[in-house]
Amino acid sequence: MRIDPWSSQQSTDYARLRDEFGIEEFTFADDLPDPPSLVRRGVIFGHRGFARVHRAIKLAEPWGVLTGLMPSGPMHIGHKMVIDQVSYYQRLGADITVCVADIEAYATRGLSLEKCREIAVENYIKNYFALGLKPDRLQIYFQSKRQAVKDLAWQLGKRVNWSKMEAIYGFTGETSMGHAFAPLVQVGDILHPQLPEYGGPRPIVVPVGVDQDPHIRLTRDLADASRLYNAQVHDDAKLGRVVGVFVKSDEQVEKLLAKARSALEKQGFADFVMNPKYKALYVRGSASDLPAIDDALAAIEPGLGGFGFIAPASTYHRFQGGLTGGKMSSSKPETHIALDETIESATKKLGSAQTGGRATAEEQRRLGAEPDKCMVYETYVYHLVPDDKELAEVREWCTTGTKLCGECKAFGKEKVAAFLKSHQEKRAATEHLVKEVVRED
Ligand code: TRP
Ligand code: SF4
């Protein structure tokens, strides 16, 4: 099994993807304030490192969200899913950074930077406020314009060799260097919010589809590799269970250990054992304090010549299928509902969408239909019916055959018409906010 971020083929065997790639199951739904339907319904199926973000939410400490958009085609309901998550996180207190992946689009799809900008603003960003994002503590930037992102790409690129890029991405001798550089730019995207001028080290979560996981793995590896300190729970023969803080380089070991110690003293830690020979500082009786210890170390790294990047977390959402039954695709209008689509066209698409209905009305009244095979039902789950009670009613009429697909689709058409009408009105009323959040650097 391989994950290729640039292919349109992606496995949807989520349990297997989790097992094979070491993605953890997302189990935070019951322990998040007012979780949105995507979280309650298990659409968010996996994560890496989300516990660190969860902790920041609980302690009301600073944390952020980084998301990226690939400017291509119209924005459709599949893309809306990410913005729904981002605006939920914004309500929970995250600062938000949105990247327009214009370097990637240039390198992998041959779009000019000007075209990317136009598509990003007109097709994507102008929808964001209507979907619930607020302009405060939100910024949107272009990869090609943000020097810090490109600097990180080459600085961290020094720590990756070609074998690793081949292993992760399947690059070959035919791969263009522009394409080969794009993942490093994405590493820069994901890590740069932790640079001092963009808010400093803090937990960052990147909500993505599983196709982006190779970039996440690379980024988390490089974040760890670039740290000055490595803190881990350590079972010591003499000291018992401690947090070991290890200096990674061979230079200035004693100075770095002393700095770590005084930073941790300021956080209230008191019971230390220094072991310069092992480049180690042990903190007694503190296994559950590992995140707090790592936060304190990350915070001092920029002042000591490091970055202090806390490995970013990711969450993975299931892909909504296309209306016609295959994949949802930007370039195939019949598979999606675009946010700027007319109500006539959207209701028509819903009308001809693939359902889980039976061959005859008689059979469906007798056996009920199969909602889990139905693309209309999936649209309800992901977007159109956020209320759980109402969704249960739909499921009930579907599985009992009380309503047949025609009547159910009429209900769906009303929902999609109401959504589009309200969305398009909100968009017209809020699109002027774009200039407040789009940065030129
Ligand atoms: N590669 C992403 C895509 O194809 C776009 C992207 C660029 C991105 N930088 C990012 C996504 C950072 C998440 C985080 O859609
Ligand atoms: Fe889908 Fe509705 Fe038909 Fe059930 S009744 S299969 S949910 S269209």
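**Exercise 1.** Which residues are around ligand 1?

*Solution.* A quick note before we start: this is a predicted model, where local features need pLDDT of at least 70 and side-chain atom pairs count only at pLDDT 80 or more, while totals for chains, interfaces and linings use all residues. Residues are numbered from 1 along each chain as its sequence is written, and side-chain values use heavy atoms, without hydrogens and water.

Step 1: list the residues with a heavy atom within 4 Å of the ligand. They are Leu66, Gly68, Met70, Cys99, Ala101, Glu104, Gln143, Gln186, Asp189, Ile190, Val206 and Gln212.

Step 2: sort them by class. The shell has six nonpolar, four polar and two charged residues, with Gly counted as polar and Cys as nonpolar.

**Exercise 2.** Find polar contacts (N or O pairs within 3.5 Å) of ligand 1.

*Solution.* Step 1: a polar side-chain atom of Glu104 lies 2.7 Å from a ligand nitrogen.

Step 2: on Gln186, a side-chain N or O atom is 2.9 Å from a nitrogen of ligand 1; for Asp189 the corresponding distance is 2.8 Å.

Step 3: ligand 1 alone exposes 360 Å², and the protein buries 90% of that (Shrake-Rupley, 1.4 Å probe).

**Exercise 3.** Is Val434 buried or exposed?

*Solution.* Step 1: locate Val434 in helix 18, residues 434–437 (a DSSP run of H or I, at least four residues).

Step 2: Val434 is buried because its relative accessibility is 8%, and buried means under 20% (1.4 Å probe, protein chains only).

Step 3: leaving aside neighbours within four places in sequence, Val434 contacts Val121, Ile125, Lys126 and Phe129 (heavy atoms within 4.5 Å).

How values were computed
Chains are lettered from A and ligands numbered from 1 in the order in which they are written. A polar contact is a pair of N or O atoms within 3.5 Å; within protein, one must be able to donate a hydrogen and the other to accept it, and residues adjacent in sequence count only if both atoms are side-chain atoms. Helices (H or I, at least four residues) and strands (E, at least two) are DSSP runs, numbered from the N terminus. Buried means under 20% relative accessible area, exposed over 50%, partly exposed in between (1.4 Å probe, protein chains only).
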